[in-house]
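Please follow the strands of the sheet in turn, and then the helices that go with them.

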Amino acid sequence: MLQIFPNPQAIAEYVSGLLIAQIQSKNNAVLGLATGSTMEPVYQELSERVSQGNIDVSGLTTFNLDEYIGLGAEHPQSYRYYMQEHLFNRLAFVRHRTFLPDGLCNDTTAQCAQYSEQIRQAGHIDLQLLGIGNNGHIGFNEPGTPFSSRTHVVELSEQTREDNSRFFENVDEVPTKAITLGLQDIMESRQVILIATSANKAQIVAELYASDLDEQLPASVIKSHPNAMILVDDAAASLLPEDVRKQAKVG
């Protein structure tokens, strides 16, 4: 389950290879996508390989993990905007097959129910990408979120807002709520890949490695998934036991 790579670029190359293999084996695959700086090299590498290989992505359906409540698609800090900039505009994705929660919806309860239902109707996610927050959240599922949760509205923790404030002018501009895919929705994906890079993720990676299944550490739920991978770079693995690092090191 755990693999340690030398750097983020090595992870990006490996994951883009997995994504392309998924696309080539199933041209109408359903991909679960994440945002954040961890995913940027993955999407850059994927875009380059797909373009160079003339790989058709027009049949793909994508579902993103989350979206801020109060930010529309044109807002530079919305996750729809991020996905357009880092992936969708670079390749021939079909807009109506790229799904994110609507941060400006009038009825969040209906929006959440609809989002989980859309995934079910699509046949569930074939491959889900995940990052991990410093408090162990995946998507925006904060500590204490039930493993049985479906798409829901979450009040973002102060730590999460502080962590994400680097993308805004200041922490006061970070939205206080988001719509996030639930942990049960994530676990129904056929394959799950969690990526963590940089030294500031070393503590949570070590906690995740040592943890049992625990709703106070939401990412621990993937330990019960039959086809899950945790991919980290040397910096993020720096607090793991030495024998674990040696055993899990790639190359």
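Strand β2 (residues 30-33) and strand β6 (residues 127-130) run parallel and are joined by two bridges; strands count as paired if DSSP finds at least two bridges between them. Leu31 stands opposite Leu127 in β6. The model is predicted, with pLDDT of at least 70 needed for local features and 80 or more for side-chain atom pairs, while totals for chains, interfaces and linings use all residues. Residues are numbered from 1 along each chain as its sequence is written, and side-chain values use heavy atoms, leaving out hydrogens and water.

Strands here are DSSP runs of E of at least two residues, and helices are runs of H or I of at least four, numbered from the N terminus. Within β2, Leu31 and Leu33 point one way and Val30 and Gly32 the other; all are buried, that is, under 20% relative accessible area with a 1.4 Å probe and protein chains only.

β2 is also joined to strand β3 (residues 61-64), by four bridges in parallel. Thr61 in β3 is the bridge partner of Val30. With helix α2 (residues 40-53), β2 and β3 form a right-handed β-α-β unit: with the strands pointing away from the viewer, the path from the first strand over the helix to the second runs clockwise.

The open sheet has seven strands in the order β1-β10-β9-β6-β2-β3-β5, with parallel pairing. β1 (2-5) and β5 (98-99) are at the edges with a single partner strand each, so one side of each lacks a neighbour in the sheet.

Note on methods: Buried < 20%, exposed > 50% of the residue type's maximum accessible area, 1.4 Å probe, protein only.
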